[in-house]
Protein chains: 2
Amino acid sequence: MELDDSILNKFGFIARGPKDAINIDPLQTGGKLTEDARRALVEWGDGYSVCDFCGGILDLIKKPPIEEFVHNALPAFLDTDAVRITHGARESKFAVMHSMGQEGDYVVLDELAHYSSFVAAQRARLNVKTVPHSGSPEYKTDVEAYATAIEEVISETGKAPALAQVTYPDGSYGNLADVKRISDICHSYDVPLMLNGAYSVGRMPIHAKKMGVDFVVGSGHKSMASSGPIGVLGVKEDYADIVFRKSPTHKVKEIELLGCTARGATVMTMIASFPEVVRRTQNWDNEVADARWFSAKLEDMGLIQMGDKPHNHDLMFFEAPVFYEISQTAKKGRYFLYKELKQRNIHGIKSGLTKYFKLSTFQVGRENLSYVADSFQEIIDKYQK
Amino acid sequence: MELDDSILNKFGFIARGPKDAINIDPLQTGGKLTEDARRALVEWGDGYSVCDFCGGILDLIKKPPIEEFVHNALPAFLDTDAVRITHGARESKFAVMHSMGQEGDYVVLDELAHYSSFVAAQRARLNVKTVPHSGSPEYKTDVEAYATAIEEVISETGKAPALAQVTYPDGSYGNLADVKRISDICHSYDVPLMLNGAYSVGRMPIHAKKMGVDFVVGSGHKSMASSGPIGVLGVKEDYADIVFRKSPTHKVKEIELLGCTARGATVMTMIASFPEVVRRTQNWDNEVADARWFSAKLEDMGLIQMGDKPHNHDLMFFEAPVFYEISQTAKKGRYFLYKELKQRNIHGIKSGLTKYFKLSTFQVGRENLSYVADSFQEIIDKYQK
Ligand SMILES: Cc1ncc(COP(=O)(O)O)c(C=O)c1O
Ligand SMILES: Cc1ncc(COP(=O)(O)O)c(C=O)c1O
């Protein structure tokens, strides 16, 4: 293929359709940039911008204050010992699994773990043992079953799993498990515990030590108002020398990070948003109140909220028989809901879904949430006239 | 530590000092954003922006045209079969090493390979055998020694290396090795060859198949006018099913990519810059002419350009006895050069270096290069009056 103008003209600047929509996609609500982050993007956009003053270790750069951020602010924020920036939650999880496990070892995952946890284990050539949940409608992870899973691994292989993980909250129902209890169980078998906080770090207060977790993982683009791909990884000092082991040939370079990770604007957006991110986690109670209020509004329309009830997180899963019913006869079929919402400048419920969908109320605000709820009612009324 | 305002005020938006300087740091010249990329950054800055229309496979997103870019344009651009976006050159290299090698296998690297190639091998738990170079002043990789290295691995382990790699150009001297010859040697032992084009893909024409390489790696933030971290990985079809193998549990997810990689603005900046990047590779002869012209200017002042001569790349390494001599008596000692250049709005020669340094002339343009050369002369004159 010749890369002539007819091909090249397809690229260049491309507009983002839903940029100014009210976005209730759980992937999007916590990653929206702050004004400072938007300015930082432009300022630091060029290639390897942050490397201008690098002496060989990205996270020790003093100007801009990456060292202060990574080695003081983030450990305090996460209540953990050692922190590094990664490319995202999955990359953090892989780094831990790959460092802590030997090929063929086991890792224990909650059944509701994000696909990327399974795939990270597969990439690290580890086996997975899952901890079940209670099924519909609550989908509660069976906390005590971490013991069963660990014992099964020991009896099958003669060796404890290399690691256990809990997804906090899980990415489907937004349930928050009793992590302290899970960590007590894991630690009684000397199994370290990783918290996947992709949907919590940057939204709600997370105290790794207080919860008893050895590793804590966050997603910058999902929950820390940062431009992707970027994530954080917090590690208890007991394991820092394992996960952040240095190269025998290039003494200052950390092997598991391939020397460095977020060598561009991404880390500067995380730093730019950090003050506001810290403050919003302190406002978490209001976010939970918004979620509950919105959930009640939707339940009044006949939708059913699954998962923890009352709910403790902005990520919620709904069963919507009323929309499913409409889709059976609507002209646009199962696409009617997406199109109706789009017409109202609301984005985030995947095109084609009507019966089951998830959404997030995080940082949407009562006014917009009210508008979204009213729009739902309007759509129901329009088709059920 | 309490995250109070006295701490938080250190973060937020931070200005980038050298933003408007003439930057001749080899890390920076090829990563400077195009105007379209700068607009794309702002448009797509939010968190997971590109995921708004993702059906589960990032590189198959149709709108924005990521699929067209990754599966049509980039394979044509690189002259290879299958392409994926990664977080950078090192992440591409690790993905290939980790997929192609089993723990304990060997990989053959040129001795001048970037540290991240060694660290990627260490992360993949592979052993490294190096191919020597000729030493000062040319630092030419001994192409024929790829055969020796491979034979040594075979005689020591009874097994051919899993992979060989050539750095094209190397990141210190900007030398371009005879890749076709290396690939003939490697293939005669059935060893696949990876081209590390961190400093070539996006600067000069690269034709993977024509050169006979099985894997080609590029760095978006270094050489493709993209906001970091981002890279490309091209794979010959023979190996695509190995490197891009899919998860047994999550059928559409590629294990080695952990499902997806550049899930944010980074990929949109690469797409935005692509037309201009294609065009600039077609203008490579002029870039080489600029490099030679600048090198000659500096040699006239008593500096000595190491590596290939005449030079074939914008990345050049200089020995500068004249600056070293000045540093012995200058008031600011070895920092004098950095400070003098800074006063002239020139950035990119690392603070403290005087005797040896590298620089890049890429996209700097004759006018600015002229100004930089004149500044060098001015500084020499000032201290040698
Ligand atoms: C629970 C959960 N964990 C992890 C991830 C992945 O986050 P990242 O993109 O930072 O790897 C997701 C993404 O949807 C998620 O829902
Ligand atoms: C020759 C060479 N290869 C690879 C890299 C790493 O590039 P990336 O940041 O994309 O991993 C560098 C960085 O300086 C380099 O000089």
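**Salt bridges, interface and helix packing**

Analyst: R16(A) and D52(B) form a salt bridge in which the closest N and O atoms are 2.6 Å apart. R16(A) lies in the loop between α1 (5-8) and β1 (22-23) of chain A, and D52(B) in the loop between α3 (35-43) and α4 (66-78) of chain B, so the pair joins two chains. Helices (H or I, at least four residues) and strands (E, at least two) are DSSP runs, numbered from the N terminus. The model is a predicted one, in which local features need pLDDT of at least 70 and side-chain atom pairs count only at pLDDT 80 or more, while totals for chains, interfaces and linings use all residues. Residues are numbered from 1 along each chain as its sequence is written, chains are lettered from A and ligands numbered from 1 in the order in which they are written, and side-chain values use heavy atoms, with hydrogens and water left out.

User: Why is the contact of R16(B) with D46(A) called a salt bridge?

Analyst: The N to O distance between the side chains of R16(B) and D46(A) is 3.3 Å. The rule asks for a side-chain nitrogen of Lys or Arg within 4 Å of a carboxyl oxygen of Asp or Glu, and the pair R16(B) and D46(A) therefore qualifies. By this rule there are 16 salt bridges between chain B and chain A, and the count over all chains is 54.

User: What makes up the interface between chain B and chain A, and how much area is buried there?

Analyst: In the interface, 98 residues of chain B are in contact with 97 residues of chain A, contact meaning heavy atoms within 4.5 Å. The area buried between the chains is about 8700 Å², and carbon and sulfur atoms give 58% of it. Buried area is the accessible area (1.4 Å probe) that two parts lose on being put together, summed over both. Y48(B), R123(B) and L258(B) supply 10% of the area that chain B buries against chain A, more than any other three residues.

User: How do you know which term describes the orientation of α2(A) and α11(A)?

Analyst: The axes of α2 (residues 35-43) and α11 (residues 265-281) of chain A come within 8 Å and cross at roughly 155°. Axes are lines fitted to C-alpha atoms, for helices over the stretch in contact, and angles run from 0 to 180 degrees between N-to-C directions. Angles under 35 degrees count as roughly parallel, over 145 as roughly antiparallel, 65 to 115 as roughly perpendicular and the rest as oblique. The pair α2(A) and α11(A) is therefore roughly antiparallel.

User: What is the handedness of this crossing, and which residues of α2(A) and α11(A) meet?

Analyst: The crossing of α2(A) and α11(A) is right-handed; a crossing is left-handed if the near helix is turned anticlockwise from the far one by less than a right angle, and right-handed if clockwise. D36(A), A37(A), A40(A) and L41(A) in α2(A) meet residues of α11(A) including M268(A) and A272(A). The contact residues divide into 6 nonpolar, 2 polar and 1 charged. Ala, Val, Leu, Ile, Met, Phe, Trp, Tyr, Cys and Pro count as nonpolar, Asp, Glu, Lys and Arg as charged, and the others, Gly among them, as polar.

User: Why does α3(A) receive its orientation term relative to α11(A)?

Analyst: Helix α3 (residues 66-78) of chain A packs against α11(A) at an angle of about 25°, with the axes 12 Å apart. That angle makes α3(A) roughly parallel to α11(A). Their crossing is left-handed. F69(A) and F77(A) are among the residues of α3(A) that meet α11(A), where F274(A) is one of the partners. The contact of α3(A) with α11(A) has 11 nonpolar, 1 polar and no charged residues.
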